[in-house]
Amino acid sequence: MDDLPVPKGLQFLSPHSGRIVRLTIVVRTHQALDTILTSFRNVAMPSLENLDIESHRDIDLLDMSPLNSPNITSLKMTRCTPAFPPPQWMVALTHLHLKNNPYPVRENSDIFRFMTTQLPSLIYLYLDLTKGAFGSGNGIVYQSLAHVELVFHESETNALFNQLASFDTPHLTHLSLHHIHGDQDCHCEAVADFGDDYRPITTPPRLFPVISSLTLIRECFTPRIVSDLLGPGSQPWPQLEVLALRPMAADVENLYKALQEVVCCKRSQQESLPTFKLSPNLFEREFWAENGVVVELLEEPSIIGSGV
């Protein structure tokens, strides 16, 4: 593709390439993105630390090798997925954000081999699973990961546990789960009969032993998770300090009831509560002030700013 014309604007960018710290590339087609990346092959960008690539159309796998920026630590890709094997410069990434990515859905998918074997320094991972899922046997093993944010497409009684169990991340401190199931009027929490199929994410063996912050954004089973996490007879994560909640519309009252029960339970046992960060429809309830519970407002969008 070296014979493709250089994109307009790159000629004005080249004289400043040595000083660019953050670069955003927005394209509409795979060919356009290939052309831009190829045009950067001989452009030195030693100061580039943050790269954001956004496609208006799905791009299955994207060759990232034309870029040669050894100091990139943060990569965000929207509607496009890095091809395997990744170029050497990606090994040093500490932040990876993959959103709306049309990666192949099959066992031993390249994207999962890429993540588990090639990015040893990764600290933050945002993974959008709305168009895919973990293949069988594809565990995410990381000693370095401290912050994981997952966006799911649909939930089953056991799916959440199975997806989270794919992560072997003993030093994870922040976990955020986004799960849009159906629509804002979803009633699965009210009618679902979990029976023996439901598996709490908080009971031993603990998936994330040192977690300090948990965020649940429109997760269908939020009331059940809160009860399992902090209710009577629960075994909460010992270092949990922050619980941020934005329920689906149909779950607001169920979640409010679960939180009331949690507060009463902890108060009666003289146990401490984590800091609650709540969406406006929960934050504005009089119960908190009446019972001396300090809550914080969870602003839109999510506290992580993922744009979900």
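Q: In which elements of the protein is confidence lowest and highest?
A: The model is predicted. Its confidence is lowest in helix α5 (residues 188-191), with a mean of 50, and highest in strand β13 (residues 295-297), with a mean of 97. Over residues 302-308 the pLDDT is below 50, and this stretch has 22 contacts in the model beyond near neighbours in sequence. Where pLDDT is low, the predicted coordinates should not be read in detail.

Q: What is the mean pLDDT of the protein, and what share of its residues reach 70 or more?
A: The mean is 79, and 76% of the residues reach 70 or more.

Q: How many helices and strands are there in the protein, and what percentage of its residues count as buried?
A: The protein has nine helices and 13 strands. Of its 308 residues, 49% count as buried. Among contacts between residues at least 6 apart in sequence, 70% join residues at least 24 apart.

Q: What makes β1 and β2 a parallel pair?
A: Strand β1 (residues 22-27) and strand β2 (residues 50-62) are joined by six bridges in the parallel sense, and pairing requires at least two bridges. Within this pair, R22 stands opposite N50, and V26 stands opposite E54.

Q: Which residues of β1 form its covered face, and which its uncovered one?
A: The covered face consists of L23, I25 and V27, while the uncovered face consists of R22, T24 and V26.

Q: How do you know that β2 and β3 pair?
A: Strand β2 and strand β3 (residues 74-82) share seven bridges in the parallel sense, against the two that pairing requires. In β3, C80 is the bridge partner of I59.

Q: Why is C80 called buried?
A: The relative accessibility of C80 is 0%. Buried means under 20%, so C80 counts as buried.

Q: How many disulfides does a search of the whole structure find, and how far from C264 is the nearest cysteine sulfur?
A: The search finds zero disulfides. For C264, the nearest cysteine sulfur is that of C265, 8.8 Å away. A disulfide requires sulfur atoms within 2.5 Å, and C264 is therefore in no disulfide.

Q: Why is C264 called partly exposed?
A: C264 has a relative accessible area of 45%.

Q: Which residues touch the most other members of the largest nonpolar core?
A: In this core of 74 residues, L51, M64 and F276 touch the most other members. Helix α7 (residues 252-268) gives the most to the core, with six residues. Leaving aside neighbours within four places in sequence, F276 is in contact with L230, L243, L259, V262, V263, V293, V294, V295 and E296.

Q: Why is helix α6 described as largely enclosed by the rest of the structure?
A: Helix α6 (residues 222-230) has nine residues, and seven of them are buried, so the helix is largely enclosed by the rest of the structure. The buried residues are T222, P223, I225, V226, D228, L229 and L230.

Q: What is the phi of R218, and why is this residue called buried?
A: R218 has a positive phi of about 50° although it is not a glycine. Most residues other than glycine have a negative phi. R218 is found in the loop between β10 (213-217) and α6. Its relative accessible area is 15%, which is under the 20% limit, so R218 is buried.

Q: Where is Q270, and why is it called exposed?
A: Q270 is in the loop between α7 and β12. Its relative accessible area is 75%. Exposed means over 50%, so Q270 is exposed. Q270 has a positive phi of about 55° although it is not a glycine.

Q: What makes Q269 partly exposed?
A: Q269 has a relative accessibility of 44%, which lies between 20% and 50%, so Q269 counts as partly exposed. Q269 is located in the loop between α7 and β12 (275-278). The C-alpha atoms of Q269 and P232 are separated by 9.8 Å, and the two residues are 37 residues apart along the chain.

Notes
Residues numbered from 1 in each chain as written. Predicted model: local features only at pLDDT ≥ 70, side-chain atom pairs only at ≥ 80, totals over all residues. Heavy atoms only, no water. Core = buried A, V, L, I, M, F, W, Y, C linked by side-chain atoms within 4.5 Å. Buried < 20%, exposed > 50% of the residue type's maximum accessible area, 1.4 Å probe, protein only. Helix = DSSP H or I, 4+ residues; strand = E, 2+ residues; numbered from the N terminus. Contact = heavy atoms within 4.5 Å. pLDDT = per-residue confidence, 0-100.
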